[in-house]
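Please walk through this model with the structure open beside the text.

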Amino acid sequence: MTTKDDHDAVLALLERKLNASAPRDANPVATVVRRARSARRRRVLAGACAAVLVVAGLGATGELLLRNTGPSPTVVADLSGATNLRPVIDWAGETVRFHGLTLPVPDGWTVQRSSDLHGRCLGAKPKTLWLFDVPPSQQFLGGCGRPGPGGPQMWVVTQDQMVASLGGDNPVALDPSGQPVYQPDLNPPANPAFTGLAFPWLGVWLDTTGMPEAELTAMLAAVRADVVAPRPGLHLPNRIDDASYQRFGGSSQQAPEPNGRSDARVVEQTLRSAEPDTTLRCVPKVGASLMLTQKVPDDVGLLLFDTTGACMQVTDGQGGLATLDAGALRTLAEQVGA
Amino acid sequence: MREPEGFRDFVAARYPALVRFGTLLADDAGHGEDLAQVALVKTLRAWRRLHPDGDAEAYTRRVMAREAWRAGRRRWRGEVPTAELPEVTADDPYRHVVHQDTVSRLLDVLPAQQRVVLTLRYWAGLSEAEIADQLGCSVGTVKSRASRALATLRAAGALTETFLTNGAHR
């Protein structure tokens, strides 16, 4: 006797087991509905019993607490706000809408919502899309190492003053139709272990971790943003104390120094002369993002612009738009080492 | 609980296939049909979000797999029928038929979790990672259950060509 391929053999066994199998219930719908009603009655009854027990238990516990006022145990993170969003959010098939962003939910993933950023660190399952509503006071992504625990996760964070928390993460540009454009270097799916993308005009920040490159690329291609009409003019701090830049696009030879610091005074003078615009006409494919900081009081501006002269428009992180003349654009390019 | 729109059509179309799937997951056809109905009760409750845009069948199958998997965790699983087999002589003309029946019954008396993993792996064609995701367990657990199940079947001669050939001639 020779051993046949396990797969075929097991399949043959399973098929043989099915030979005599046929449904016996002639009207399964009626049976299922009847069983559903019975289950519901049991749940209601169980709920009522539980409520009685809880009330009785609270009474007894309250009496005990009155006698014992010691410290209560520390709560590390309250995940009670985490909710599976499928029943409550605006669903369109396998996509989820969140603060102007429409995201695909990859096959086999679950969606959870929380107001606690630490939720994704504690007991988080792989393949979870987190949606976080975060108050402005809560700073960004502390206390949880990267990459996330256990496998790929993706999280979307929204908060006021999103641009203030960018801190070197990757802003997403808009194409002329108002949809996000991912710069190959600036938003690197080539580094799937960690990709952080900022949609500052929506106040949304998207982070992925541990996602395979193909899955990440497909996911990003399917992300849609609500079309935001550009606001004429750039949002700049009243005073620019610091200007740091990050270059993107082009080959490594063209961008020998991708990150650095510019002369804030020159940058400020150049940008004040920008002409307000309202129509997106082009996307910076090889260019830089400029982070402009005012130290006191805190204020930040974020700009994206092309360093090759192919696109004369500058966008800012809050949907502002302006056009530069060739001389001003050349000055900005020099300031970022291009 | 009222019967929602589309549910009757779904059950009419997919019930036989779900019962077959349940039969493989459970230890016999009766329990398989019961498993299908238990899962359909949950599908009925979730119908509003499963119809028309969701995948009601995938949801139902997932519930079935999980229910069968959980049944394997319970210490008491009710009576497990293990028929005592008659002794057979070497020249019994029905020997290989009895042998085949014996081996087929091995599928039924495999521990529930091993049977669930075999079904999902070989019948549903899921990868080990997908099975782990469906069942909410680790990939290692899936591998160990599959490995033990195959070892049992192999030891009983159920994965041999002779057995399969005899079965085909039956």
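In chain B, among contacts between residues at least 6 apart in sequence, 62% join residues at least 24 apart. Two residues count as in contact if their C-beta atoms, placed from the backbone, lie within 7 Å. The model is predicted: local features need pLDDT of at least 70, side-chain atom pairs count only at pLDDT 80 or more, and totals for chains, interfaces and linings use all residues. Residues are numbered from 1 along each chain as its sequence is written, while chains are lettered from A and ligands numbered from 1 in the order in which they are written.

Chain B has 9 helices and 0 strands. Helices (H or I, at least four residues) and strands (E, at least two) are DSSP runs, numbered from the N terminus. Of the 170 residues in chain B, 38% are buried. Buried means that 20 or more other C-beta atoms lie within 10 Å of the residue's own; exposed means 12 or fewer, and partly exposed is in between, with C-beta atoms placed from the backbone.

Look at two helices of chain B. H7(B) covers residues 128-135 and H8(B) residues 139-155; they pack at an angle of about 110°, with their axes 8 Å apart. Axes are lines fitted to C-alpha atoms, for helices over the stretch in contact, and angles run from 0 to 180 degrees between N-to-C directions. H7(B) is therefore roughly perpendicular to H8(B). H7(B) brings Glu128(B), Ala129(B), Ile131(B) and Ala132(B) to the contact, and H8(B) brings Val139(B), Val142(B) and Lys143(B). By class, 5 of these residues are nonpolar, none polar and 2 charged. Ala, Val, Leu, Ile, Met, Phe, Trp, Tyr, Cys and Pro count as nonpolar, Asp, Glu, Lys and Arg as charged, and the others, Gly among them, as polar.

Now cross to chain A. Helix H1(A), residues 6-17, and helix H6(B), residues 112-123, have axes that come within 10 Å and cross at roughly 110°. That makes H1(A) roughly perpendicular to H6(B). On the H1(A) side are His7(A), Val10(A), Leu11(A) and Leu14(A); they meet Leu118(B), Thr119(B), Tyr122(B) and Trp123(B) in H6(B). This contact has 6 nonpolar, 2 polar and no charged residues.

Chain A has 5 helices and 20 strands. Of its 338 residues, 35% count as buried.

Strands count as paired if DSSP finds at least two bridges between them. Met154(A) stands opposite Thr208(A) in E11(A).

Elsewhere in chain A, 3 strands form an open antiparallel sheet in the order E2-E3-E12. E2(A), 95-98, and E12(A), 224-225, stand at the edges with a single partner strand each, so one side of each is left without a neighbour in the sheet. E3(A), residues 101-104, pairs with E12(A) over 2 bridges. There, Thr102(A) stands opposite Arg224(A).

Technical notes: Parallel < 35°, antiparallel > 145°, perpendicular 65-115°, else oblique.
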